[in-house]
Amino acid sequence: MSDTNANANGCDGVDPKQRVGAAFDADAMQRARELTWQAVERIRARIAPGMRESQAREMGQRTLVEMGMGRIWHPLLIRFGANTLKTFRERSEGDPELGANDIYFIDMGVVWNGHEGDSGDTFVVGDDADMHACAAAARQLFDEVAQRWRERGASGPQLYGYAQERAQALGWRLNLDIQGHRVSDFPHAVYRAGDLGEFEGTPAPGLWILEIQIAHPERPFGAFYEDLLV
C-alpha cells in the first residue's frame, strides 16, 4: 500500500495536512499532472505577439474546455511583461499586449477526473537574453529545490530557505510570498494544509506543489515555474 493510500485509510501517525480523500488515486493524480502540462503547451503554442492578456486568457479557457477538463479549481492566469512580477492574488496591471521581445507565464489549476493538476511555466518571444535567462533560472531553481527534497527529505521551510539561498547565488530575487501548497483529489482545501513553505514535516510525494517565482534584479519582469513534487 502506498503512503498516500495509507493516508486515505486514516492510519495512525499521518499528519492531517497530508491526508487525502477516499477517492484519491495516485495514478489519477499523475494523469492530472500530465494533462495540465499538455494544456500549458497547447495554450503556449497559441500565444503570439500582438495578443492581449485578456485574449490569451479567453483562448486558454476555450482550450481547457476543448480538452475536456472537469472544472477549474483556481483561475487561469496568463501574465505578460511587467505583470510577471505579480503574485497569484494580485490583479494584472491593465491589459498589456505581448511584444515582439517579451516574456509571459501561464499558471493553471485544473481538475481532471476528480484530481487536481497545477502547473506553470514561463516563456519568451524574441531574443532578449535577460528574459531567456530569467525563464531558465526559474526552471533551474525548481529542479535544484526538488532535488534537495528527494535527497534529504527536507521540510517546507528548509526547501524555501534553500531556494532563497540559490536564487541569491544565481543573481535573482526570490518572491517568498509564493511558497507552494497542497493538491489532492478535489477539493484539497478541506485539509487546511497551508503553504508548503510552512509545512514542518517532510512533504509526501504527489501531494504538494513547489512554486518558484523570481524577479530580475533591475528590470521590470520575472519568471514563474511550478509542478508537483514527485
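**Aromatic contacts and backbone features**

Q: In which loop is the place of Arg 192?
A: In this predicted model, phi of Arg 192 is near 45 degrees, a positive value in a residue other than glycine. The place of this residue, Arg 192, is in the loop between S5 and S6.

Q: Is Arg 192 buried or exposed?
A: A residue counts as exposed over 50% relative accessible area. Arg 192 has a relative accessible area of 73%, so Arg 192 is exposed.

Q: Which peptide bond is cis, with omega about 0 degrees?
A: Pro 187 lies in the loop between strand S5 (181–182) and strand S6 (208–215). The cis bond, with omega about 0 degrees, is the one that joins Phe 186 and Pro 187.

Q: What is the relative accessible area of Asn 113?
A: Asn 113 is found in the loop between S2 and S3. Its phi is near 50 degrees, a positive value in a residue other than glycine. Asn 113 is exposed, because its relative accessible area is 71%.

Q: How many aromatic pairs does the structure hold?
A: A pair of aromatic rings is described by the distance of the centres and the angle of the planes. Ring centres must lie within 6.5 Å to count as a pair. The number of aromatic pairs in the structure is 6.

Q: Why is the pair of Tyr 104 and Phe 123 called tilted?
A: Planes under 30 degrees apart count as stacked and those over 60 as edge-to-face, with the rest tilted. The ring centres of Tyr 104 and Phe 123 are 5.6 Å apart and the planes stand at 40 degrees, so the pair is tilted.

Q: How many residues apart in sequence are the parts that Tyr 104 and Phe 123 tie together?
A: Both Tyr 104 and Phe 123 are buried. Tyr 104 belongs to strand S2 (residues 102–112) and Phe 123 to strand S3 (residues 115–125), so the pair ties together parts whose separation in sequence is 19 residues.

Q: How many residues apart in sequence are the parts joined by Phe 105 and Phe 224?
A: Phe 105 and Phe 224 form a tilted aromatic pair, 5.1 Å centre to centre with 35 degrees between the planes. Because Phe 105 lies in strand S2 and Phe 224 in strand S7 (residues 222–228), the parts tied together are apart in sequence by 119 residues.

Q: Over the face of which ring does Arg 148 lie?
A: Arg 44 lies over the face of Phe 123, at 5.8 Å from the ring centre. Arg 148, at 3.7 Å from the ring centre, lies over the face of Tyr 162.

Terms used
Residues numbered from 1 in each chain as written. Predicted model: local features only at pLDDT ≥ 70, side-chain atom pairs only at ≥ 80, totals over all residues. Heavy atoms only, no water. Helix = DSSP H or I, 4+ residues; strand = E, 2+ residues; numbered from the N terminus. Buried < 20%, exposed > 50% of the residue type's maximum accessible area, 1.4 Å probe, protein only. Lys NZ or Arg CZ within 6 Å of the ring centre and 35° of its normal.
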